[in-house]
Amino acid sequence: MRIFNKKHIIAAVIAISAVGSACNKQLDQQPNGSLSSDLVYTSITAAESAFNGMYSPLYGASYYGRGLTLIPDLLTENLIAGSWFSNSYSDIVRWGFHSGGGDGRGVWSVAYSALHRVNSFLANIDKVEPLPNENAETVNKKKAELKAQAYALRALYMFDLTRMFCKLDLNDPLGLPFVLQPTVETFHARKTVKETYDQIESDLNTALGSIGETNVTRQTLFNKYSIAALQSRFYLYFGKNDLAATAADKVLAGPFGFEADSAAQSKVWINDQGAKEIILKVGLGTTQGSDWSAVNLGSLFINQPDPKFRPNPDFIPSKDLVNLYSDSDLRKGFYFYKDSARQYKDSIWIVKKYPGNPAYTGVYGANAPKLFRYAEVVLNKMEAIYPTNKATAKTLLKSIRASRIKGYDVTIVDAYDDATLLAQIRIERRKELAVEGHYWFDLKRWGVGVNKVREGAYQALESAVGVIAPTDYHWQFPVPDTEMQSNPLMKQNTGYATL
Amino acid sequence: MKKVLLMLFSVLSCLQMTAQTRPVKGKVTDSRDGSVLLGVSVMVKGTTTGTTTNVDGVYSLNVADNATLIFNFVGYEVLEVPVSGKSTVDIQMNLDVKTLAEFEISTGYVSKRKGTITGAIDVIDGKRIESRPSGNFNHLLQGQAAGVYVMANGGRPGAAPQIFIRGTGSINSGLAPLYIVDGQPVSPSDFATISQNDIESFNILKDASATAVYGSRGANGVILITTKRGKSGKATLDYRGFYGVTEIAEPKVRMMNTKERLDYEVAIGLRQANDPAIPELLKSDYNQVKEILKPALAQSHTISVRTGTDKTSIYMSGEYYDQKGVYYDNDFSRVGARLNVDNTTTDWLKTGLNMYVGYMEEALPNETRNSTGNPGMMAYLVMPYENLRSESGNWREILRHGGYTNVRSNLWSRENDFTGSGNDHLKFLGNVFAEATIIPDLKFTTRYSMNLSDYVTKTFNQPLLAAADNGNATRRFSRWNNGTWTNTLNYRKTFARNHSVNAVVGSEYNYLTDYDFTATARNTSSPLLQEFGTMLNPVSTGGSLSKYRMFGVFGNVNYGFKEKYYLDLSIRRDGSSKFGRNQQWGTFWSVGALWNAKSEPFIAQYEWISDLRVRSSIGLTGNDDIGFYPSYDLYGGTTYEGRPGLIPSQAGNPDLTWEKRRKFNVGVDLGIHNRVSVTIDHYRELTYDMVLDAPVSYLTGFTQVKGNMGKMSNNGVEFTVKGDVLKNRDFALRVEGNLTYNKNKIRDLYGYRDELLGSGTGILTKVGYPRGQFKYNRFSRINPDNGLELWLDKNGKETDKFDDADAVIQEGKTMYAPWYGGATADFSWKGLGIFMQWNFMEGKYSVNNTTAWLVWNNASWSNYNRVHDLGEKMWKKPGDVAKYPKYGSGTQFDDRYLEDASFVRLRELTVYYNVPKNVLSKVKVLRSVRAYARANNLLTFTEWTGYDPEYFNNLELGIYPVSRSYTFGIDIGF
């Protein structure tokens, strides 16, 4: 046996350690099917993708795509469930939503994951540097534009959560839990409603202060008008009437108005188009994707792709609602039609506000959700100005009725006393914004309860919930169980069972 | 071994002939099985005269009448036999248990003498899995070793079983042990592509002392598989082959026959009592289980060659294996070839390679579990009066009765190739190695291994079945490229007689790249063409790429003092790409100790104690089997207004790190009279820092984030006994048995929450309970007044309302059996023998969802055949004390369907015959012939009512059952 010298031993040891040094950097492996977060904010183009990701929750099926647009009307006298309804939204129909239910959780989870996206975006966007072939000034301008919208989106998502889960009372301690930076911490206590309000207000001011003329003609991204529209709604909800009116004025000064002819109005509801009527709508793709199928709210109201057959709706408008519209009211024709449902032989009213946009072929009953419309801002202003300026309120009421109702006699409005005027403003709001996700929130802030009686055999028994007092705990949705279980600091809303 | 041979050769050359001698000859055989022993040294006592036995075990010598012969063979007791004037001295040699302790056992990176090992290691002989009809031989390990839990994942040939060692070691991460074949890691599914007849042995490493050197991959135990190697000396060629049939065991549950079915249909108003069709229907009465699940053929042929010179030895083999499934249109076949070479290249360098190439092809049946179309479910649900075959004897296209009315039989579709799916799998497994002796006692070994898989999945539908597409086809290709480079330095020396050292240090680099792509196309040019070239329209494509890199350095030293006390230390440091940047590296260790009590004089005096060793070890191992990129903050795709968007898709955790398993073991090995060996181990294992999906506040943007948290313990006892009960010239009876009890308990989960979310149907994962604990609503009885079901609410009061909140923990019922084991008995008389293996699992429960499908009694289900006594025992009128509710009742799940799936089964019964040598010797070319008849799963004792109790899941629904088989085989040695 040959005896080896030390060189051989050294060689062997080196061989072993060489492998080691070569391998250490191999341990950093990047996934190939998705992008590691530190690679997202490496260019303005990639950052814009993250920016689009902040908007995409808007069309979610549990957000404006379906749930958040439907639920506020389904809870009220506006909509009833047919006796044949397919049990969808049954907790809402019965006013039986609980902390384990999916409807509130849908809104909660979409809004909070959207808020996380906004927070991540705001925390990282300043890291983006211009690439060698990019103009630094252009990139910086773009960053500022995107940031302004991010603030607006944060305000929107927080406001949606607040109106659904909190009392609209600035003295109430149970506001939202929220953070302004991306967090991995799972323990979060609720802040007060006032703190929540202050944050939304601040974000809106930041957004409005920096948005400039960005997107001023675009309806699918926040611009100075849609931010102001959100501001007017936000202030109105909290009874800040002066601020609501001021914000509304910023919109009313814009290029908006009521479409005079019915062809233009029908484009609003069928084609989701109308430069004057629509301030902000959800942007959907031009080819079929998951966004189309998320916004098929119409399928719950008509549910019959083939016009040869009668509709098969889950939910139908109450007589109470339809009877508010006179026959000369153009809206009656755009919002409803009479048919006999497949499951019910006598004719009933059917909601036609979401008839399906023919551009979205292949998906039945899909329309782009319209988040802010000119008419709402007019109504916001009307309501906000009412306590201090009845004359302007009447002018605005006349303007909307004159454009919606053929041959409307505006002197009727002139004759209203103060109480009637207020009642009529509210009725007008209900009529104009029916089935657009407003009425339950309006009742909540007005402190008016619900009374749903059974109006006929075609109505599901459980949807006749009777009187729901304005003090009922259900006016605040429950914090989902999943949040309660993973966040021990979380406080449940009054009335709901705690696990 | 070679040294022994060398010595023998030198002895041979010294052979002296003396005058006053006479010839004596004889044959040396193994007392256990009568097999001949080749190369046994036969010496004349007090002289240097001697010889060795030849390949037939025969020796001949010239000796004096009063001479005494000494028979010596490594691993066997030394025998001294006086010749006493006889001319023939035949000898049976017994295994020497004491010298067995001298055997080398591979512990992975290094071999150790058995008597020095401080860890808990079981060895299973490759003979135990040879020539059995199983597409994936791992399933055959069931019941073979204590602590090893083996459970089928269904009965499709080739399906990889679920194996775990010493309890379920994890909640979210992998449970599978690390498999190492000839030094290279392989994945459990690879075994479907490997020939079982090439396996020499399985070494099962269980405790910390045995597994810590595998560091981050050792937590679930390690199974080392060694393939056969060449031998220098006379070349041998072996043929092993069998033919067999597999069939389904008749399930306990019996469905209605035609008479029962028609009575039921009349009773529930589905048919008028005077329906004129009844007499015609009564003419047909099929047991559809027998009609649909047909016995299927299996065959296997292997040829292997062992050969070698003093420099080079070679093992090579080729295999063909084919097994049809009991499900229609299921075929599994495999061809493979192996070449193992060892070469003494220079006086200081040995080199070698192991190479295996296998090609597996399978046609997959319809296995869709929750479907009325899969053969197993169809066999239950088709009407007994449905003739599934047309007049020509082929499957009928359109069925005519019940829920299958006007449904196209997929038996027909498959028979005519209108639809199908399948896989083919090309496997290359190979490694090259070199071992250099640097100085005496110091060896450097380097080994580079590759594990390559190409996997193709195919489906097609002819236009008849995919009219809208005008025919379609899908192909998925995936390639798995796993390589390992291992370098070790091994130092082994005994100093001053009293101090022995066996030490190894090394490094290991492991890479894995896995990618795949899929494509779907439609619109075929002709219904008979299924390839993409003939499809006019592409439909969709997809694909992914994943990578994993791991690097480790390790060391192990085994120190012995006076062959009495041994200390074994291991340490390993591993880095893995899977973990967070802050936590990529982990350190694992173990300390083991052994006391060889037999070496103590106060024990040595007891002659009946032939071996007594006490072992103990403690250490830390890790588990990184949690997917490729669990620690990253990831973004996935979305769109807004048709523009691309990015959204967070996974919450990152830069601190995510190894799941750890702390192991403690204490064990005793006892040998009695060199005939019986007993091993008892007690282990306490604690898994902690488990990688769990912790539910988090929505404020994080996610519902769950991976984190290291929670604790789970597995404590248990293992008992193994092996013994020669009877051993004489003609009779031999060897019995082996093992028993394991494992107690699993979840000790902690998230800290702030003690119940796991999303544990699966009926399963509760909660602190204080074992993993796999069932929680279900309690069924009480059928209300005699109205025929509706009554349950017990959570307070034990009867209620007619089914409420999930009334579910209670079913104490003592878990999906994992806490008790399991196996026993074998091998009895032989001369060449004829009988071998049995019994396995059992006790305390295993499962939800029999299939049964629920068979007993539900309402309009949605009455169109399918029902269990035989439903019509008779359902509630019909007030006052009936019924087994089943009235017709029209609901379909709630409750503890009625939670069945005891424990079983005792005769896993194997083999009757074999070794043709005697004296017969063979007339046919010169034959070395050995063994013929056998074998039945697997012949008997199964169980409370389970379905086809087969063996299935690794909390819920059984339409699963492909494990089958029973009968084979006839022959092994011929040339």
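Helices (H or I, at least four residues) and strands (E, at least two) are DSSP runs, numbered from the N terminus. This is a predicted model, in which local features need pLDDT of at least 70, side-chain atom pairs count only at pLDDT 80 or more, and totals for chains, interfaces and linings use all residues. Residues are numbered from 1 along each chain as its sequence is written, and chains are lettered from A and ligands numbered from 1 in the order in which they are written.

**Exercise 1.** Determine in which strand B:Ile70 lies, and whether B:Ile70 is buried, exposed or partly exposed.

*Solution.* 
Step 1. B:Ile70 belongs to strand S5 (residues 68-72) of chain B.
Step 2. A residue is buried if 20 or more other C-beta atoms, placed from the backbone, lie within 10 Å of its own, exposed if 12 or fewer, and partly exposed in between.
Step 3. Because 15 other C-beta atoms lie within 10 Å, B:Ile70 is partly exposed.

**Exercise 2.** Identify the contacts of B:Ile70 beyond its neighbours within four places in sequence.

*Solution.* 
Step 1. Contact requires C-beta atoms, placed from the backbone, within 7 Å.
Step 2. With those neighbours left aside, B:Ile70 is in contact with B:Met43, B:Lys45, B:Val78 and B:Glu80.
Step 3. A separation of 5.6 Å is found between the C-alpha atoms of B:Ile70 and B:Val42, 28 residues apart along the chain.

**Exercise 3.** State how many residues of chain A are in contact with chain B, and which element of chain A gives the most.

*Solution.* 
Step 1. In chain A, 59 residues are in contact with 57 residues of chain B.
Step 2. H1(A) gives the most to this side of chain A, namely eight residues.

Conventions
Two residues are in contact if their C-beta atoms, placed from the backbone, lie within 7 Å.
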